[in-house]
Amino acid sequence: MENITRLTPLKQPIVFELEGFDVPPGYGSLFFILALINFIVVLLGNGVVVFVIIIDKNLHKPMFILVCHLVACDLLGGTAMLPRLMVQFLTGQKRIRYASALAQALSVHTYGAAMQTILGTMAYDRYFAVCEPLRYSTIMTSARLHTYCAVAWIIALVLIGVLFAFHINVELCGTTIKDVFCSNRSILALACSPTPMNNIYESFMPLENDDELEPASTARPLEHVRYTLLFI
């Protein structure tokens, strides 16, 4: 990870400047409308899925309960990025406070990690449904299902909590984040000194790639899980 250095560490309150999008003059409103439409589609699409699952008792099964968890995860990722992006397009304001930057980064990374742990739980559920069809109802009980879902979220939260624990006592010497959203890597890239422990820990985690807009887009270790789910 490259670090942007200055002679004097910054003091709180720190305000970052996002430089991910260079919106041409006069196009801010257009981009705002496109982002707003995208956000509405995310809300309505996920809302419809949850509504259908709730009202249809035939869908009260483990697979669709896990789908609801994926919906919650998707809403976390969407609300972490799109509202602030819309404000940026509409007002041209690219500044974000340190606390807000950490909150956004934490949400985005949690989205990426939880999406993968929930998909792993879903693959586990499908394994029993296919390989143990006669025992499936006794294996995947309601209590066990909720336990698996809770463990999936807890694992994601612990992994990301440890990742962001490396931010404690880290002095920053820059304020320009070269991305459209805040992330662990983009914030620690502004550290006054190298952060090797964070880099080593992050290298072992299947987190999102900061160079792309879609979190968890480079989750290579679980691509075979997604393929298996679609194939089944």
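**View 1. Model confidence is lowest in helix α8 and highest in helix α5 of the protein chain.** Helix α8 (residues 223-231) has a mean pLDDT of 46. Helix α5 (residues 142-165) reaches 91. pLDDT is the predictor's confidence in each residue, from 0 to 100. Helices (H or I, at least four residues) and strands (E, at least two) are DSSP runs, numbered from the N terminus. The chain mean is 80, with 84% of residues at 70 or more. This is a predicted model: local features need pLDDT of at least 70, side-chain atom pairs count only at pLDDT 80 or more, and totals for chains, interfaces and linings use all residues. Residues are numbered from 1 along each chain as its sequence is written, and side-chain values use heavy atoms, without hydrogens or water.

**View 2. Three strands form an open sheet in the order β2-β1-β3.** Pairing is mixed; two strands pair if DSSP finds at least two bridges between them. β2 (95-97) and β3 (176-177) are edge strands with a single partner each, so one side of each has no neighbour in the sheet. Strand β1 (residues 15-18) runs antiparallel to β2, joined by three bridges. V15 has R97 of β2 as its bridge partner. Helix α3 (residues 98-131) packs on the sheet and touches β1 and β2. The direction of α3 makes about 90° with that of β2. Axes are lines fitted to C-alpha atoms, for helices over the stretch in contact, and angles run from 0 to 180 degrees between N-to-C directions.

Notes: Contact = heavy atoms within 4.5 Å.
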